[in-house]
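Thanks for coming. I will go through one structure today, and I will keep to what can be read from the coordinates.

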Amino acid sequence: MVTVAQPHSPATPARRVPAVRHLGPNWYACVMGTAVVGGAGAALPGHIPGLRTVCTAIWALSLVLLAVLLVARSLHWLHHRDQARAHLLDPGAAPFYGCLSMALLAVGGGALTVGRDWTGTAAAVALDAVLFTAGTVVGLAAAVAVPYLMAVRHRVEPGQASPVWLLPLVAPMVSAAVGPLLVPHLPPGQPRETLLLACVALFGVSLLATLVTLPLVFGRLLTGGPLPLALTPSLFLVLGPLGQSTTAVGAFADVAPGVVPAPYAEGFAVLAVLYGVPVTGFALLWLCLATAHVVRARREGMGFSMTWWSFTFPVGTCVTGAAALARHTGLVAYEALAVVLYALLVAAWTVAAAHTVRGLLSGALPAGPRPGPGVPVPATVRTT
């Protein structure tokens, strides 16, 4: 019998590393949610014995998770390019590419807030500089590329608006919030002022993009009824740009003195309060609304999915936002709010992490983001 060698088929690479075939970009939410537990804990007012050490350990865990996911996602693109392209052409999955940027930025920012305790300041600055640069570039690319794909390649209707659409748009806001941490480590003069004003520009990019997108999400919720059960936790994503923008203006005010002329430095201090207070108020309103929807969905049988990680990072940004308001107003009420929100964050992270580990051990995970009901499959794209 003569054995004829078979040509390699497109499916051949899929058998090389099958474990990462369905490892979508949504998995970076695990890194974001873990890193923010450490960073937000360090931002809490007052001193709790042992808390900073625990926060540093959690940040170290997020750094390890980031490294593992970067390798795994590289293998995904190398061996499963068909699936990777399908994610880009899926309107339910493409926005999650913003999570890569935010994961890089969250871990980088944590290096300077808590990681320096273990790595030393010089190494922390170097790590943050690399991750901040990479995260900002990726975030700006996602903020342009994902809306472009939605306009020319995806078929989406107003009734399909989802909080997930905010993910690529909020990434520049994360850059704006963590970038000021690097300002004191630059040479005085123009380098510091340039970075600070660049962060302000990133703040504007994300804020204005969010302001034109959020009405679509809110309008769909009011006119189209509740989201599908699996997508209901994504309502918490709206807290991301709210809490992160409050954190950002507080960070501007922290570093502005001596970096920009006095009138502008004072203006940043005023902005931190006049912007942060009303936005935090709306964030609390949305938190109550989203929680009510989640309780309803849970009663109707909502089970665990990777969207549960939406309970972590957005809430963490509200913790850092409340802590910034506490610094700039001196009000105990904001200190108490930061502590309460942090307790909620820790509880949410514990539940999401436990279910994720259980899914990995059972083999039920990983699974890529799935389109919600009514969202077309990846193959449904415009051809003209």
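Cysteine 199 is buried, at a relative accessible area of 1%. Cysteine 30 is buried as well, with 8% relative accessibility. Please keep in mind that this is a predicted model.

With cysteines on the table, how many disulfides does a search of the whole structure find? The count is 0. For those new to the term, a disulfide is a covalent bond between the sulfur atoms of two cysteines. Take cysteine 30 as a case: the closest cysteine sulfur belongs to cysteine 99 and is 9.6 Å away, so the two are too far apart for a bond. To count as a disulfide, the sulfur atoms would have to be within 2.5 Å.

Next, charged pairs. Side chains of opposite charge can pair when their charged atoms come close. Searching the whole structure gives 4 salt bridges, and I will go through some of them.

One of them joins aspartate 82 to arginine 21, with 2.8 Å between the closest N and O atoms. Which parts of the chain does this pair tie together? Aspartate 82 sits in helix α3, residues 81-88, while arginine 21 is in the segment before α1, so parts 61 residues apart in sequence are tied together. Aspartate 82 itself is partly exposed, at 44% relative accessibility.

Another salt bridge is formed by aspartate 117 and arginine 52, where the closest N and O atoms are 2.5 Å apart. Here the aspartate belongs to helix α4, residues 98-119, and the arginine to helix α2, residues 51-79, so this pair ties together parts 65 residues apart in sequence. Are these two side chains' residues buried, exposed or partly exposed? Aspartate 117 is partly exposed at 40%, and arginine 52 is partly exposed at 34%.

The next salt bridge is between aspartate 254 and arginine 327, at 2.6 Å from N to O. Aspartate 254 is partly exposed at 39% relative accessibility, and arginine 327 is partly exposed at 47%.

The axes of α8 and α10 come within 7 Å and cross at roughly 35 degrees. What is the handedness of the crossing of α8 and α10? It is left-handed. On the α8 side, the residues that meet α10 include Gly243, Thr247, Gly250 and Asp254. On the α10 side, those that meet α8 include Phe313, Thr317, Gly321 and Arg327. Sorted by class, the contact has 8 nonpolar, 10 polar and 2 charged residues.

Last, a residue in another helix. Alanine 297 lies in helix α9, which covers residues 262-299. Is alanine 297 buried or exposed? With a relative accessible area of 0%, alanine 297 is buried. Which residues is alanine 297 in contact with, once neighbours within four places in sequence are left aside? They are Leu229, Thr232 and Met302. Glycine 330 is 33 residues away from alanine 297 along the chain, and their C-alpha atoms are separated by 38 Å.

That is the end of my part.

Note on methods:
Residues numbered from 1 in each chain as written. Predicted model: local features only at pLDDT ≥ 70, side-chain atom pairs only at ≥ 80, totals over all residues. Heavy atoms only, no water. Buried < 20%, exposed > 50% of the residue type's maximum accessible area, 1.4 Å probe, protein only. Salt bridge = Lys/Arg side-chain N within 4 Å of Asp/Glu carboxyl O. Helix = DSSP H or I, 4+ residues; strand = E, 2+ residues; numbered from the N terminus. Axes fitted to C-alpha atoms, helices over the stretch in contact; angles between N-to-C directions. Left-handed = near helix turned anticlockwise from the far one by under 90°. Contact = heavy atoms within 4.5 Å. Nonpolar A, V, L, I, M, F, W, Y, C, P; charged D, E, K, R; others polar.
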